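Please read the following account alongside the coordinates. It moves from a pocket to the elements around it, and then to the backbone.

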Amino acid sequence: MSSYQQFQSVEHLLCWFSFKLLGSAQHTLRAFTRHPSVVSRLLSTMAPTAKYNVLFVLGGPGAGKGTQCEKIVAKYGYVHLSAGDLLRAERADKTSKNGDLIEWYITNGAIVPVEITIELIKNAMENTTSTNSFLIDGFPRNKDNLDGWTKIMDDKAEVKQVLNFDLSEEECLARAMKRGETSGRTDDNVESFKKRFVTFKESTQPIIDHFEVKNLVTTISSVPGPDEVFVEVCKVLDNLQ
Ligand SMILES: Nc1ncnc2c1ncn2[C@@H]1O[C@H](COP(=O)(O)OP(=O)(O)OP(=O)(O)O)[C@@H](O)[C@H]1O
Ligand SMILES: Nc1ccn([C@H]2C[C@H](O)[C@@H](COP(=O)(O)O)O2)c(=O)n1
């Protein structure tokens, strides 16, 4: 007798088949409940993960990026990641193997290799649980920064907007020198400032142009006082909500 002939009807065959299916589903379910970590790993690969929302904040040295970021955080609740602050913290960390290298780049107004900076930014983003929205201040500052971002973060983050704070070299210098009276920053001196401004013009401006082509840049004059500048910032951010 062939295996089909043991069933008296097609209905009987279908009944037997459903019973077998149910049995194996039950078996699978039981296996899953015994291994919850496997289930959560499976689910995490199936569920689409939300991308980070990112605003890049650029502008000359001393143009007021950090000042505006503080205001944005207070009103809109982004997490502020200053590439410069992250690098300064890394430089101050006695266990870091990159401290001396970072010091050299900062004092000479040059841009630290992106392998170092992107790791600091990525870790800070991954360690943030309160929000998905980040203000990344002072990054990307050159092509190396941009390439590193594209390679490591492009599939994890969406750049919603680039805020570009515009201020003349003379005014940036005056503000950086005034800040230098109390900041303790090793680059708030005329010699470092001059180098930083050259780096801004030669290396950062092409990055702003790159995002301009993608229609992502809003340039805001940083000449008025902080509160007036912030009014213009709010116009941009209110439209992003
Ligand atoms: N709109 C403004 N008008 C006058 N002074 C300002 C304004 N914005 C910021 N400042 C002052 O200018 C100095 C530089 O500002 P801030 O540190 O925000 O600049 P930054 O662009 O973040 O600089 P850097 O790139 O060097 O870190 C600070 O002392 C700050 O208080
Ligand atoms: N993407 C970056 C940002 C900053 N640095 C270094 C070199 C800068 O002159 C310095 C200070 O940065 P700031 O506080 O002005 O944003 O930090 C860098 O190498 N790469």
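The largest pocket of this predicted model holds about 850 Å³ of space. A pocket here is an open set of points on a 1 Å grid over the protein atoms alone, where a 1.4 Å probe fits and protein lies on both sides within 12 Å along at least five of seven lines; its lining residues have an atom within 4 Å of a point. Grid points are joined across faces, edges and corners, and the volume is the space filled by probe spheres set on the points. The lining comprises 43 residues, and Lys-65, Arg-141, Arg-179, Arg-185 and Arg-196 lie nearest the centre. By class, 14 lining residues are nonpolar, 18 polar and 11 charged, where Asp, Glu, Lys and Arg count as charged, Ala, Val, Leu, Ile, Met, Phe, Trp, Tyr, Cys and Pro as nonpolar, and the others, Gly among them, as polar.

Residues are numbered from 1 along each chain as its sequence is written, and chains are lettered from A and ligands numbered from 1 in the order in which they are written. Local features need pLDDT of at least 70 and side-chain atom pairs pLDDT 80 or more, while totals for chains, interfaces and linings use all residues; side-chain values use heavy atoms, without hydrogens or water.

Among the elements that each supply at least two lining residues are α3 (65-76), β2 (79-82), α8 and α9 (190-213); helices (H or I, at least four residues) and strands (E, at least two) are DSSP runs numbered from the N terminus. Helix α8 (residues 169-183) reaches 20 Å from its first C-alpha to its last, close to the 21 Å expected, which is 1.5 Å times one less than its number of residues. Just after α8, Gly-184 takes a positive phi of about 75°.

Strand β2 also belongs to an open sheet of five strands, ordered β2-β3-β1-β4-β5 with parallel pairing (at least two DSSP bridges between two strands). The edge strands, β2 and β5 (217-221), each pair on one side only. Four bridges join β2 to β3 (residues 133-137), and Leu-81 has Ile-136 as its bridge partner in β3.

A cis peptide bond joins Phe-139 and Pro-140, with omega about -5°; Pro-140 is in the loop between β3 and α7 (143-153). Asn-215, in the loop between α9 and β5, has a positive phi of about 65° although it is not a glycine.
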